Amino acid sequence: MGPEHRRELIVNAVLALALLAAPLIAVTLDEPFYVTLASRVAILALAGVGLNLALGAGGMVSFGHAAFFGLGGYVAGIAALHAFEDSHFIAWPLEIGGSEHMLVIWGIAMAASAAAALAIGAISLRTTGVYFIMITLAFAQMIYYFAVSLPTYGGEDGLSIYLRATLPLVDADDGLTFFLVCYALLAAALYFSHRLIGARFGAALLCARMNPERLATLGIAPYPVKLTAFVLSAMMTGLAGALYAELNGFVSPAMLSWQRSGEIIIFVILGGVGRLFGPVAGAALFILLESFLGGWTDRWQLVLGLILLAVVLFARGGVVGLLAGRARHD
Amino acid sequence: MSAAFLIEQLLNGVQLGVMLFLMAAGLTLVFGVMGLINLAHGSLYMTGAFFCAWIAGATGSFWLGLAGGFVAAAAAGALIEVLVIRRLYERDHLDQVLATFALILIFSELARWIFGDRPLYLDIPAVLGGAVPLPGGGSYSAYRLAIIGVGLAMAAGLYLLITKTRLGMQIRAGESDREMIGALGVDIRTLYTAVFALGAALAGLAGGLVGALQSVQVGMGEPVLILAFVVIIIGGIGSVKGALVAAILVGVTDTLGRVFLPQLFGLFLPPSEATSVGSSLAAMAIYLLMAGVLAFRPKGLFPVDVQ
């Protein structure tokens, strides 16, 4: 284990502990706002961890991950609506109603994201480079406009979730508990990504990014490897979307917008592409900048834009790269 | 449904199409020559619209405003090319996407700062305020016809510029071999700035022209930007001819879809559902078109060998 690798592990540990400690301290100081803020960081980091699998490991620059984020959000919103009204999502041939069980909602959110990603990925992965960026964007826009024109589910105005779904054993309505749930899911996603990249599948995925011809020569077709990674990536982002809707008690087409896709990319790049904890660092920095600059000046977007620009132009490798030294695999 | 109505809708589609072409031409040139994805192109469109509305409001002359918007967008384009964009040519697309996304944030906030939070309004010039009779009994806005005329004139001008002039020769050379034209003594840095400013100026012109049809406000550039991306993807990135064909195709598909799809579904669905299904499908129509084109021609209708 080289010194840089050890430094990255230390950076990761500090990030993980800081994110866990912040809301605990906030609770003791009776500042619930910061618990919500930490939950947002954890959830958006989870969305970023999902994208990082496609973008960092697989080299698939998806500009449409908001599609999965929003899909997850709409699953939570629609399930809550039908559970609240005691009505049916589909009345025939099967009766499918709403649900107030978070585990069910998570499962459906991930399944829906997986199905969408399978269809979108199967077509998009026929293209590469800038075409891939744009076709994923186009699919996300399609879903965005579909949601806008759905009057049953709020159309442009979105959908309120009046009652947060429940979990067995714990009280998800409590802010800190909900944060810990999100944190645990983020940790699980990080562990899963880590194991996946370390496994044979991960090696094949990295090779599919760097040298697809070579992978094909070894007898492994790159296409199914990349498609699988794309679907797994979308499932994590979809799960994050469901959590985000529960956190805000609200879901709207804004969750599907291309700006949201851009933000998820920003989390990944700001933190450091391909770094395991990159999205965590990126999401934390983004949310902190947003809330503190927003409190300090009305022109926070200007400052945020300048900082982003500086990171791209001068700090390649993102925050984690800056703290832990250059990546070894470039 | 009368023939006049159909012609009117077709003209609306073509008008949207030439507008999209003015946006897409800059995007596709910049990608073709410099290999750069520029998300901030919509901000240049917005810059053109704001300066046009502001100058027209201050001087009372729409034409002065339009010229001002054209020049302001070109200047803004040249400025960001020199300060930021030129550092991105050697980077991968990911860095380009992020840096130009940051530029959008900066431009939007600056526009809010300079011009205020309230939208600006721009009046159609009096000369073009009337309507032109159409064959079949209808009439059509003279201003929209003028937009179509300007757009087509710009397309012709761009064609002449690229095929007949020295600058055009260098642009074409830059598309096929970037290093070689540098080695042959062409000042690439200036060429790149010129191409970028040209694209920006066209976007600014589009912004100024559209400014008289809708309110001028922050965020007006991004929906058009996305449509322009769809256009250059369908046309084949780097191809100006492809951009023109695809822009008209997208403009007409979008406009006719919005008008006729709800009516089509009305034939076999109850009216309320027909409107909802039809309009949602219409909003998705161009993206379906794009996915369809890419599924069969992954490099667009007029593929260009971009390095």
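Author: Begin with handedness. A crossing is left-handed if the near helix is turned anticlockwise from the far one by less than a right angle, and right-handed if clockwise. In this predicted model, α10(A) and α11(A) make a right-handed crossing. The model is predicted, so local features need pLDDT of at least 70 and side-chain atom pairs 80 or more, while totals for chains, interfaces and linings use all residues. Residues are numbered from 1 along each chain as its sequence is written, and chains are lettered from A and ligands numbered from 1 in the order in which they are written.

Reader: What counts as a helix, and at what angle do α10(A) and α11(A) pack?

Author: Helices (H or I, at least four residues) and strands (E, at least two) are DSSP runs, numbered from the N terminus. Axes are lines fitted to C-alpha atoms, for helices over the stretch in contact; angles run from 0 to 180 degrees between N-to-C directions. Here α10(A) packs on α11 (residues 278-296) of chain A at about 110°, with the axes 6 Å apart. Angles under 35 degrees count as roughly parallel, over 145 as roughly antiparallel, 65 to 115 as roughly perpendicular and the rest as oblique. α10(A) is therefore roughly perpendicular to α11(A).

Reader: Which residues of α10(A) and α11(A) meet?

Author: Contact means that two C-beta atoms, placed from the backbone, lie within 7 Å. From α10(A) come residues including I266(A), F267(A) and L270(A); among those they meet in α11(A) are P279(A), V280(A) and F286(A). For classes, Ala, Val, Leu, Ile, Met, Phe, Trp, Tyr, Cys and Pro count as nonpolar, Asp, Glu, Lys and Arg as charged, and the others, Gly among them, as polar. The contact of α10(A) with α11(A) has 11 nonpolar, 3 polar and no charged residues.

Reader: How are α1(A) and α2(A) oriented to each other?

Author: Start from the angle. α1 (residues 3-28) and α2 (residues 32-57) of chain A pack at about 160°, their axes 8 Å apart. Therefore α1(A) and α2(A) are roughly antiparallel. Their crossing is left-handed. L19(A) and A22(A) are among the contact residues of α1(A), and Y34(A) and V35(A) among those of α2(A). The contact of α1(A) with α2(A) has 10 nonpolar, no polar and no charged residues.

Reader: What about α3(A) and α4(A): at what angle do they cross?

Author: The axes of α3 (residues 66-85) and α4 (residues 102-124) of chain A come within 9 Å and cross at roughly 140°. That makes α3(A) oblique to α4(A). α3(A) passes α4(A) in a right-handed crossing.

Reader: How many residues does each chain give to the contact?

Author: Chain A gives 34 residues and chain B gives 34. On the chain A side, α5 (129-148), α10 (258-271) and α12 (300-314) each give two or more. α5(A) gives the most, with 13 residues. By class, that side has 25 nonpolar, 7 polar and 2 charged residues.

Reader: Is F51(B) buried or exposed?

Author: A residue is buried if 20 or more other C-beta atoms lie within 10 Å of its own, exposed if 12 or fewer, and partly exposed in between. F51(B) has 28 C-beta neighbours inside 10 Å, so it counts as buried. F51(B) lies in α2 (residues 41-59) of chain B. Leaving aside neighbours within four places in sequence, F51(B) is in contact with G68(B), G69(B) and A72(B).
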